[in-house]
Amino acid sequence: MNSLLTKHQLQRAQWTILYYLYHFGPTTLVEIAAYQGVEKPTVTRTINQLEEYGYVEKIPSMDKREKKMKITNEGERIYKKIRIPIDQFEMEILEGITPEEQEECIRIFDSIKSNL
């Protein structure tokens, strides 16, 4: 997956943020950090890079402590462009694994994540 993302000058953490904003809409850095399971400063650095690319932008907020972000039109365009080869990659790596086995695997990983 990294080789697919590198072709578009993106890293996995950046892709994850684009994915989240595309599917869940505008959100705060705290929510993104919780989704990724990382600290807020890590998300801040990644968001700053995505802002430089023009893929995300800040939404004005009354609370200066809260930084809310949204995906831009350019961010949506690049997301859709990259989504195609990523979908193909995911289909290849899941070949021969039934939907039930995939769900069981997700359940197990969720349990492991909760235990951590």
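The crossing of α2 and α3 comes out right-handed in this predicted model. Helix α2 covers residues 12-24 and helix α3 residues 29-36, and the two pack at an angle of about 115° with their axes 11 Å apart. On the α2 side, the contact is made by Ala13, Thr16, Ile17, Tyr19, Tyr20 and Leu21, which meet Glu31, Ile32, Tyr35 and Gln36 of α3. Sorted by type, the residues of this contact come to 7 nonpolar, 2 polar and 1 charged.

Both helices turn up again around the largest pocket: α2 and α3 each supply at least two residues of its lining, and so do α5 (73-93) and α6 (99-115). As for space, the largest pocket holds about 910 Å³. A total of 22 residues line it, and those closest to its centre are Arg12, Thr16, Tyr19, Tyr35 and Glu90. Thr16, Tyr19 and Tyr35 also belong to the contact of α2 with α3. When it comes to who gives the most to the lining, that's α6, with 6 residues. The lining as a whole splits into 13 nonpolar, 4 polar and 5 charged residues.

Then there are the salt bridges, of which the structure holds 6. One of them pairs the side chains of Lys70 and Glu57, at 3.3 Å from N to O. This pair ties together distant parts of the chain, with Lys70 sitting in strand β3 (residues 68-71) and Glu57 in strand β2 (residues 56-59), 13 residues apart.

Methods. Residues are numbered from 1 along each chain as its sequence is written. This is a predicted model: local features need pLDDT of at least 70, side-chain atom pairs count only at pLDDT 80 or more; totals for chains, interfaces and linings use all residues. Side-chain values use heavy atoms; hydrogens and water are left out. Axes are lines fitted to C-alpha atoms, for helices over the stretch in contact, and angles run from 0 to 180 degrees between N-to-C directions. Helices (H or I, at least four residues) and strands (E, at least two) are DSSP runs, numbered from the N terminus. A crossing is left-handed if the near helix is turned anticlockwise from the far one by less than a right angle, and right-handed if clockwise. Contact means heavy atoms within 4.5 Å. Ala, Val, Leu, Ile, Met, Phe, Trp, Tyr, Cys and Pro count as nonpolar, Asp, Glu, Lys and Arg as charged, and the others, Gly among them, as polar. On a 1 Å grid over the protein atoms alone, a cavity is a set of points where a 1.4 Å probe fits but cannot get out, and a pocket is an open set with protein on both sides within 12 Å along at least five of seven lines; lining residues have an atom within 4 Å of a point. Grid points are joined across faces, edges and corners, and a volume is the space filled by probe spheres set on the points. A salt bridge is a side-chain nitrogen of Lys or Arg within 4 Å of a carboxyl oxygen of Asp or Glu.
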